[in-house]
Every structure is written in structure tokens, then in C-alpha cells.
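Keep the 3D view open and follow along.

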Amino acid sequence: MIPSLGPHPDSTKSYLQTLPSNIHSILLPPINKQDLPQGAYPGVLIQKTVTLSLPSIRDTLKSLTLREPLAALIADAFAFEALSFAKEFNFLSYIYFPSSVMALSLCLHLPKLDEQVTGEYKDLKDPIYYPVVYQFSGVIFHFQCKIDPVMLTNSI
């Protein structure tokens, strides 16, 4: 299911036609730009577009479940609100969160970082360095990453 802010571009429709025949795309009715806050950040516009598309998402899920059984609903981080429909229609729900190796490395390193840092991260005067190791086809790359402590809060 693909929500859209305004009409779906022809390039999107063309691309969807190139996908394998076992992948079915459903273009949801577009959201009117006037229904969204003017001058908002793109992430906010995406989130609001999905929120306003929830009735269409629910109707589409209902229609799909009448035709064939669905096992799970997988939504990206912007469409997390749609996960509530999984409970309604009695199937599993997951969030698809594509991430970089760098973000994964940070998540894996956070427990050790938490042991090493006292107080608030944002109060640190120096950057935080942590090791990152990538391995591709037998080649190992070692990096040292620098994090701006102001970006981290005690809620991590």
C-alpha cells in the first residue's frame, strides 16, 4: 500500500509495473496538500500523509482479508499507526526499519557507552569515539566514529 501526498507521479506508476508479478502494489487515494501544515519538515509531511491515509489503509486491509488470509502487517517507521490494524484483523505486526551498519554498531555499543559515561551525554565537552568494524567478502575495515554528545540524551 502506497500513500501519496498529491497525485501519484507517472514515474512511480511506471516503476511499479517493472516489479515481479508476485509483488502487488496498491496505490492509496492521494492526500490533498491543503490538509497538511504549510512549511513543515518533509518527515512531518510524510507522517501526516500516512495518518490521513489510515482510513484507506484499513479499508484496503479489510478488502484483502476477505479475499485471502494475511499473516502479518509490516509497516515502516512512518506508518507505525497502521500496526493497530493488525490486532483488529488478527495478524502479526512488524516495523520495517532499514538501517545502516553504522546505526547498528551504535546500538550495539550503547550498553558499553552507558557504563563509561556518567551524567548526561549532552553535558560532555568532548566527542565520544567508539570502534566500528565492517567486514565485506573477507576484508575487514576498522573505523573510529565520532558522536556529538549533544545529539544523545539520557533517554537512550
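This is a predicted model: local features need pLDDT of at least 70, side-chain atom pairs count only at pLDDT 80 or more; totals for chains, interfaces and linings use all residues.

Now for the inward-facing side. The buried residues of α2 are Thr49, Val50, Ser53, Leu54, Ile57, Thr60, Leu61 and Leu64. An α-helix makes a turn every 3.6 residues, so residues three or four places apart point the same way. Covering the buried residues of α2 are, among others, β1 (72–76) and α3 (84–89).

## The rest of the fold

Zooming out, the chain has 4 helices and 4 strands. Read from the N terminus, their order is α-α-β-α-β-α-β-β. Of the 156 residues in the chain, 24% are buried. As for contacts between residues at least 6 apart in sequence, 46% of them join residues at least 24 apart.

Which residues touch the most other members of the largest nonpolar core? They are Ile57, Leu61, Leu73, Ala82, Phe85 and Phe91, out of 14 residues in that core. Three elements, α2, β1 and α3, each give two or more residues to this core, and α2 supplies the largest share, with 4 residues.

Leaving aside residues up to four places away in sequence, leucine 73 touches Leu61, Ala82, Leu83, Ala86, Phe91, Leu92, Ser93 and Tyr94. There's also a second, separate core of 5 residues, and its members include Leu110, Val117, Tyr121 and Ile128.

Since glutamate 88 belongs to helix α3 and arginine 58 to helix α2, the pair ties together parts that are 30 residues apart in sequence.

Are the two partners buried, exposed or something in between? Glutamate 88 counts as partly exposed, at 41% relative accessibility. Arginine 58 is partly exposed too, with a relative accessible area of 28%.

## Two residues worth a click

Serine 4 is in the segment before α1 (10–17). Is serine 4 buried or exposed? With a relative accessibility of 9%, serine 4 counts as buried, the cut-off for that being under 20%. A polar atom of its side chain lies 2.8 Å from the backbone oxygen of glycine 6. Setting aside residues up to four places away in sequence, serine 4 touches Pro30, Ile31 and Thr49; of these, Thr49 is one of the buried residues of α2.

Asparagine 90 sits in the loop between α3 and β2 (92–96). Its phi is positive, at about 65 degrees, although asparagine 90 is not a glycine. With a relative accessible area of 70%, asparagine 90 is exposed.

Terms used. Residues are numbered from 1 along each chain as its sequence is written. Side-chain values use heavy atoms; hydrogens and water are left out. Buried means under 20% relative accessible area, exposed over 50%, partly exposed in between (1.4 Å probe, protein chains only). Contact means heavy atoms within 4.5 Å. A nonpolar core is a set of buried Ala, Val, Leu, Ile, Met, Phe, Trp, Tyr and Cys residues joined through side-chain atoms within 4.5 Å. A polar contact is a pair of N or O atoms within 3.5 Å; within protein, one must be able to donate a hydrogen and the other to accept it, and residues adjacent in sequence count only if both atoms are side-chain atoms.
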